[in-house]
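Subject: Structure handover

Hello,

The structure you asked about is below. My notes on what was found in it follow.

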Amino acid sequence: MTKPLGSSGNGRSVVKRNGLHRPKVLSAIETQLRFFGTFLKEPNRVGAVAPSSSRLCAALCEPARAYKGPRNILEVGAGTGAATRQIGKLLTAADRLDVCEISDKFADILERDVLSTPELAKHVHAGRVRLLRMPVQKLPGERQYDFVMSGLPLTSFELHDVEAV
């Protein structure tokens, strides 16, 4: 049973599910509106007016889908998780996924609405999926990746930022 409880005090809505107070999961339209609002506030950091389509994300994942063997995947600029959801459909117990997102708003959405889904939560709890709230340039060098999937708006960046990435 879900019933609204109002605000959690940090600007997020809270609902009560099965006796537990949890942050409200955003609907698809709320996620798109939040994405668009962030674009309006920070067009050079977001670079698109809407999240990537499911077809684009499926095409982005195709090389990883065809790969045989364990995969180490880095997703950079995950936004609201459109590609993350598609990548999550591919993951096995042998795979690793690092999701890198610099925006606190988008990282909160990823944590609450994407990485908490049953499909991805089991990998998060096993340590196979990590949310890295940092610029890609500051990633620890402990892992080599078979695939790097990027949602970064490189054409919106200054040249020195593109070179740093």
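A residue is called buried here when its relative accessible area is under 20%, exposed when that area is over 50%, and partly exposed in between. By that cut-off Arg 112 is buried, because its relative accessible area is 13%. Arg 112 sits in helix H5, residues 104-114. Its side chain makes a polar contact with the side chain of Asp 113, at 3.0 Å. Please keep in mind that this is a predicted model.

Overall layout

The protein chain contains seven helices and seven strands. Read from the N terminus, the order of elements is β-β-β-α-α-α-β-α-β-α-α-β-β-α. The chain has 165 residues, of which 33% count as buried. Taking contacts between residues at least 6 apart in sequence, 60% join residues at least 24 apart. The accessible surface is about 9,700 Å², and carbon and sulfur atoms account for 55% of that surface.

Helix H3

Helix H3 covers residues 54-66, and its 13 residues should span 18 Å at 1.5 Å a residue; the end C-alpha atoms are 18 Å apart, so the two values agree. Cys 57, Cys 61 and Ala 64 are buried in H3. An α-helix has 3.6 residues a turn, so residues three or four places apart point the same way. The buried residues of H3 pack against strand E4 (72-76), helix H4 (82-90) and strand E7 (147-150).

Helix H4

In H4 the buried residues are Ala 83, Thr 84, Gln 86, Ile 87, Gly 88 and Leu 90. The elements covering them include H3, E4, strand E5 (96-100), H5, H6 and E7.

Cysteines

Cys 61 counts as buried because its relative accessibility is 0%. Cys 100 also falls under the cut-off, at 2% relative accessibility, and therefore counts as buried. How many disulfides does a search of the whole structure find? The search finds zero.

Two loop residues

Leu 115 lies in the loop between H5 and helix H6 (118-125). Is Leu 115 buried or exposed? At 7% relative accessibility, Leu 115 is under the cut-off and so counts as buried. Leaving aside neighbours within four places in sequence, Leu 115 is in contact with Thr 84, Leu 110, Leu 120, Ala 121, Val 124, Val 129 and Leu 131. Leu 131 is 16 residues from Leu 115 along the chain, and the C-alpha atoms of the two are separated by 8.4 Å.

Pro 135 is in the loop between strand E6 (129-132) and E7. A relative accessible area of 24% puts Pro 135 between the two cut-offs, so this residue is partly exposed. Not counting residues up to four places away in sequence, Pro 135 touches Cys 100 and Ile 102. The C-alpha atoms of Pro 135 and Cys 100 are separated by 7.2 Å, with the two residues 35 apart along the chain.

Regards

Key
Residues numbered from 1 in each chain as written. Predicted model: local features only at pLDDT ≥ 70, side-chain atom pairs only at ≥ 80, totals over all residues. Heavy atoms only, no water. Helix = DSSP H or I, 4+ residues; strand = E, 2+ residues; numbered from the N terminus. Buried < 20%, exposed > 50% of the residue type's maximum accessible area, 1.4 Å probe, protein only. Polar contact = N/O pair within 3.5 Å; in protein donor to acceptor, adjacent residues only side chain to side chain. Contact = heavy atoms within 4.5 Å. Areas by Shrake-Rupley, 256 points an atom, 1.4 Å probe, with all protein chains shown as cover. Disulfide = S-S within 2.5 Å. Expected span 1.5 Å × (residues − 1).
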